[in-house]
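Biologist: Let's look at charged side chains and how they pair up. Please show me the model.

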Amino acid sequence: MAGIVILVLLLILVIFILIKGFVIISQGETMVIERLGRYSRTLKSGINILIPFIEKPRSILWRTSAKVRGDNVITPTEKVSKIDLREQVYDYPKQNVITKDNVNIEIDALLYFQVTDPMRAVYEVADLPNAIEKLTQTTLRNVIGELELDESLSSRDTINGKLTKILDEATDKWGVKVNRVELKDITPPKEIRETMEKQMRAERDRRAAILLAEGDKQSKILEAEGFKESAINKAQGEKEANILKAEGEAEAKVKRAEADRESIRIVTEAFGNSEDARNYLIAMKYIETLSTMVDGKDNKVIYMPYEATGVLSSLGSMKDLFQGGKQ
């Protein structure tokens, strides 16, 4: 019986040693192994063999899931043997920060980082999560302290870039890569928010008034340009009309002169005697003039021109001419 008990104990010991000697590492995780208290190696994902009682994993402080206790959100830390190599996010509680113009604001920040060198993350810093948190808080105070309130509210991308660069350089010796920092919320004091809202309303009203004034100005400019264009077109039309009228009158005078010349030529050829032709033409002009004078509807009195005797003598000459022609 004693031999059986010893055999069972030996079997249990072998099983225990085998269990302790085989370690399975999941993808995206690693483990730092110490041999007799000194760093030995960093395990990769898959099955790894350890020497029981001589080699053991080195534990590290790591944050666990956030827990709500009353009004506070607490993210406790615990010791773990496996180190997560995936990108981690730390959601820090709001902290008060004073700007360059002495305004106390609350800032809520997110930090995204990744462990790139597990050995340095274990041996270069005692409490990695707490060290990253305190470094982020102090760096955030320094960066915001160099900016005024308006710059802090309007320059989030600039602040994020500065924080990422400073934290990445500071945590490099810890084997940590800070990928980015995001400011979730920046909350000024209540009275500052009320003042900013009044300023925004005043600015919107000012912009609306400027737009209305610009619209009214543009409308008047367009209206004036329309009047100007209309006047120019009207003057141009009148000018062209006058030119055409003058050209028409000149052409009519030319036509009338040509007609008179032709009529004089015909009369001269008909009468032969230049004196008789002249008397004939004078008589015809007087007759036309008399017709024009008596053409009006309201003409009641006809004034004979002073040269009426000349007309009569011309008519007499015309009579003699016609009679002579008949003989």
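This is a predicted model: local features need pLDDT of at least 70, side-chain atom pairs count only at pLDDT 80 or more; totals for chains, interfaces and linings use all residues.

Biologist: How many salt bridges does the structure hold?

Modeller: A salt bridge is a side-chain nitrogen of Lys or Arg within 4 Å of a carboxyl oxygen of Asp or Glu. Counted that way, the structure's total is 14.

Biologist: Which residue forms a salt bridge with Arg63?

Modeller: Arg63 lies in strand 6 (residues 60-63), and its partner is in helix 3 (residues 128-145), so the pair ties together parts 70 residues apart in sequence. Helices (H or I, at least four residues) and strands (E, at least two) are DSSP runs, numbered from the N terminus. The closest N and O atoms are 2.1 Å apart, and the partner is Glu133.

Biologist: Is Asp84 buried or exposed?

Modeller: Buried means under 20% relative accessible area, exposed over 50%, and partly exposed in between (1.4 Å probe, protein chains only). Asp84 meets Arg86 in a salt bridge at 2.7 Å, N to O. Arg86 has 52% relative accessibility, so Arg86 counts as exposed. Asp84 has 13%, so Asp84 counts as buried.

Biologist: Which residues are linked with Arg35 in a network of salt bridges?

Modeller: Here the link is a network. Arg35 is joined in it by Arg41 and Glu55.

Notes. Residues are numbered from 1 along each chain as its sequence is written. Side-chain values use heavy atoms; hydrogens and water are left out.
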